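This report was prepared in reply to a request for a written account of a structure. The sequence and model are shown first.

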Amino acid sequence: MVEKLSDGQRETALRGLDGWVYDATSGAIARAFKFKDFSEAFAFMTRVALAAEKAGHHPDWSNTYNSVTISLSTHDAGGLSARDIALAQAIDKLLA
Ligand code: HBI
């Protein structure tokens, strides 16, 4: 069973991420990304998909042309877990 992060753990974890915000309604963290064009956006999504598969943890996401919005939560924990933070960190690294 994967543990849900406490409010304190979540706030600390968010400080280590870049541009992710917590949505109390969904209990997820989300970040929006903008790219040059669709091709760049989809290339990013491909790399995120590979990172998600490697992590065994998958995003809720949407794409419109050059924009991608990613939301992370852990269904098994009913909220945010360390898996979400780890995947967000991996996603941030793709942009570095
Ligand atoms: N992805 N975001 C997210 N949340 C989950 O709870 C989740 C997942 N991917 C796979 C998964 N759970 C489980 O099927 C495996 O961890 C077993």
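The model is predicted: local features need pLDDT of at least 70, side-chain atom pairs count only at pLDDT 80 or more, and totals for chains, interfaces and linings use all residues. Residues are numbered from 1 along each chain as its sequence is written, and side-chain values use heavy atoms, with hydrogens and water left out.

**The sheet**

Four strands, in the order E1-E2-E4-E3, make up an open sheet with antiparallel pairing. Strands (E, at least two residues) and helices (H or I, at least four) are DSSP runs, numbered from the N terminus; two strands pair if DSSP finds at least two bridges between them. Strand E1 (21-23) and strand E3 (60-64) are the edge strands, each pairing on one side only. From one strand to the next, the twist averages 25°; axes are lines fitted to C-alpha atoms, for helices over the stretch in contact, and angles run from 0 to 180 degrees between N-to-C directions.

E1 is joined to strand E2 (residues 28-34) by three bridges, and the two run antiparallel. Within this pairing, valine 21 has alanine 30 of E2 as its bridge partner, while tyrosine 22 has isoleucine 29 of E2. Alanine 30 is in turn the bridge partner of serine 71 in E4, and E2 and E4 pair in the antiparallel sense over six bridges. E3 and E4 are antiparallel as well, joined by five bridges; here serine 62 stands opposite threonine 69 in E4.

Helix H3 (residues 82-95) packs on the sheet and touches both E2 and strand E4 (67-72), contact meaning heavy atoms within 4.5 Å. The direction of H3 makes about 10° with that of E2.

**The hairpins**

The hairpin of E1 and E2 has four residues between the strands, and glycine 27 takes a positive phi near 70° there. The hairpin of E3 and E4 has two residues between the strands, and tyrosine 65 takes a positive phi near 50°. Tyrosine 65 adopts this positive phi although it is not a glycine.

**The ligand site**

The ligand is surrounded by Gly56, His57, His58, Ser73, Thr74, His75, Asp76 and Arg83, a residue being near a molecule if one of its heavy atoms lies within 4 Å of it. This shell divides into no nonpolar, six polar and two charged residues; Ala, Val, Leu, Ile, Met, Phe, Trp, Tyr, Cys and Pro count as nonpolar, Asp, Glu, Lys and Arg as charged, and the others, Gly among them, as polar.

| Ligand atom | Residue with the polar backbone atom | Distance |
|---|---|---|
| Nitrogen | Glycine 56 | 3.5 Å |
| Nitrogen | Histidine 58 | 2.6 Å |
| Oxygen | Histidine 75 | 2.9 Å |

The protein covers 65% of the 400 Å² of accessible area that the ligand has on its own; accessible areas come from the Shrake-Rupley method with a 1.4 Å probe.

Technical notes: Polar contact = N/O pair within 3.5 Å; in protein donor to acceptor, adjacent residues only side chain to side chain.
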